[in-house]
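Subject: Structure handover

Hello,

Here is the structure I promised to pass on. Please open it alongside this note, and then read what was found in it.

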Amino acid sequence: GPCTECSCSSGKEPDKDPSHTKKKENGDQLCVPKIFFGTRTHKQITQISRELKRTAYSCVPMTILSSRDYTCIHPVVSNSSNRNEMCVELLEGKHGKSCSYYHSVHKLSEHHTLQPVYQAWDIEDLVSLGRKLRACPYFAARELMVGADIVFCPYNYLLDPQIRDSMDIKLKDQVVILDEAHNIEDCARESVSYGVTESQLRAAREELDVMVNNNIRQKHHEPLQAVCCSLI
């Protein structure tokens, strides 16, 4: 029979409650879980959102979490090699400037074409609309996560604890679907791995040498100094 708990049933209006709770008959609140759908690449998210359009769930509230590499439209930041740092600096107003796109996020997140009465969308749709409205697609997607039933994102958004914290992703009591899950091991390794160049190691060793020679927290810096030396 038709489902009764989601917005796709018989043209029923989608749930407007941002906290995603429904009332039980006895007055208690029943939390409706979100579905976090993880994929290996951003390109696969586009394919899956296209498939979502073809189902009865096309109008279910959704969002797509992606990096600034795919969603930043600031003319300076988007052409930078360190988009994350430049974005944070702009938001903090370190150089006396701010991001006008960020302050227009509500124009995008509340736009009628991204609301559940319309069909599923993909990253390109979001970025295109963001350029038109001069509003930030990156933060709009994060705002839409509050009321979304389905959240699409790459694997590392679910596996990497630092990314989960920064994106405010809470997986407790939620539904997690991993597409092509045989890739999870490699993604998990990457999440706890870090790459450095030889020049970075040498620069770090020089700074640590200064710390040790000046008796600055020697017990902490000497072991790090030894690690840098051995790696070099």
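A cavity here is a set of grid points where a 1.4 Å probe fits but cannot get out. With that in mind, about 110 Å³ of space lies in the largest cavity. Please note that this is a predicted model.

**Cavities**

The count comes to two cavities of 30 Å³ or more. Take the largest cavity to begin with. It is lined by 15 residues. Closest to its centre are Cys 72, His 74, Cys 87, Cys 99 and Cys 136. Helix 3 and helix 6 are the elements that give two or more residues to this lining. By class, the lining of the largest cavity has 13 nonpolar residues, one polar and one charged.

The second largest cavity holds about 40 Å³ of space. It has 13 lining residues. Val 60, Met 62, Leu 114, Gln 115 and Trp 121 lie nearest its centre. Nine residues of this lining are nonpolar and four are polar.

**The largest pocket**

Which residues lie nearest the centre of the largest pocket? They are Ser 67, Arg 68, Asp 69, Asn 84 and Ile 163. The volume of the largest pocket is about 640 Å³.

Five helices each supply at least two residues of the pocket lining: helix 2 (68-71), helix 3 (83-92), helix 6 (137-144), helix 7 (155-159) and helix 8 (161-166). Helix 3 gives the most, with four residues. Helix 3 also gives two or more residues to the lining of the largest cavity, as does helix 6.

What is the make-up of the pocket lining by class? Nine residues are polar, six are nonpolar and five are charged.

**Overall picture**

The protein has 232 residues, and 38% of them are buried. It contains 11 helices and six strands. Its accessible surface comes to about 14,500 Å². Carbon and sulfur atoms account for 51% of that surface. Now the contacts with a separation of 6 or more: residues 24 or more positions apart account for 68% of them.

**Aromatic pairs**

A pair of aromatic rings is described by the distance of the centres and the angle of the planes. The count comes to three aromatic pairs in this model.

Phe 37 and Phe 152 form a tilted pair. Their rings are 5.7 Å centre to centre, with 50° between the planes. This pair links distant parts of the chain. Phe 37 is in strand 3 (residues 35-39) and Phe 152 is in strand 5 (residues 150-154), 115 residues apart.

Phe 37 has 17%, so it counts as buried. Phe 152 has 3%, so it is buried too.

Tyr 138 and Phe 139 make another pair. Their ring centres are 4.9 Å apart and their planes are at 90°, so the pair is edge-to-face. Tyr 138 is buried, with a relative accessible area of 8%. Phe 139 is buried at 13% relative accessibility. Tyr 138 and Phe 139 form one aromatic cluster with Tyr 102.

**Backbone**

Most residues other than glycine have a negative phi. Two residues with a positive phi are worth a look.

Arg 134 has a phi near 55°. This residue lies in the loop between helix 5 (123-133) and helix 6.

Asp 168 has a phi near 60°. Its place is the loop between helix 8 and strand 6 (175-178). Asp 168 is partly exposed, with a relative accessible area of 47%.

**One histidine**

His 42 is found in helix 1 (residues 42-53). Its relative accessible area is 14%, so His 42 is buried. What does His 42 touch, not counting residues up to four places away in sequence? The answer is Ser 66, Ser 67, Tyr 70, Ile 123 and Pro 154.

Best wishes

Definitions and conventions
Residues are numbered from 1 along each chain as its sequence is written. This is a predicted model: local features need pLDDT of at least 70, side-chain atom pairs count only at pLDDT 80 or more; totals for chains, interfaces and linings use all residues. Side-chain values use heavy atoms; hydrogens and water are left out. On a 1 Å grid over the protein atoms alone, a cavity is a set of points where a 1.4 Å probe fits but cannot get out, and a pocket is an open set with protein on both sides within 12 Å along at least five of seven lines; lining residues have an atom within 4 Å of a point. Grid points are joined across faces, edges and corners, and a volume is the space filled by probe spheres set on the points. Ala, Val, Leu, Ile, Met, Phe, Trp, Tyr, Cys and Pro count as nonpolar, Asp, Glu, Lys and Arg as charged, and the others, Gly among them, as polar. Buried means under 20% relative accessible area, exposed over 50%, partly exposed in between (1.4 Å probe, protein chains only). Contact means heavy atoms within 4.5 Å. Accessible areas come from the Shrake-Rupley method with a 1.4 Å probe; for residues, only the protein chains shown count as cover. Rings of Phe, Tyr and Trp (its six-membered ring) pair if their centres lie within 6.5 Å; planes under 30 degrees apart count as stacked, over 60 as edge-to-face and the rest as tilted.
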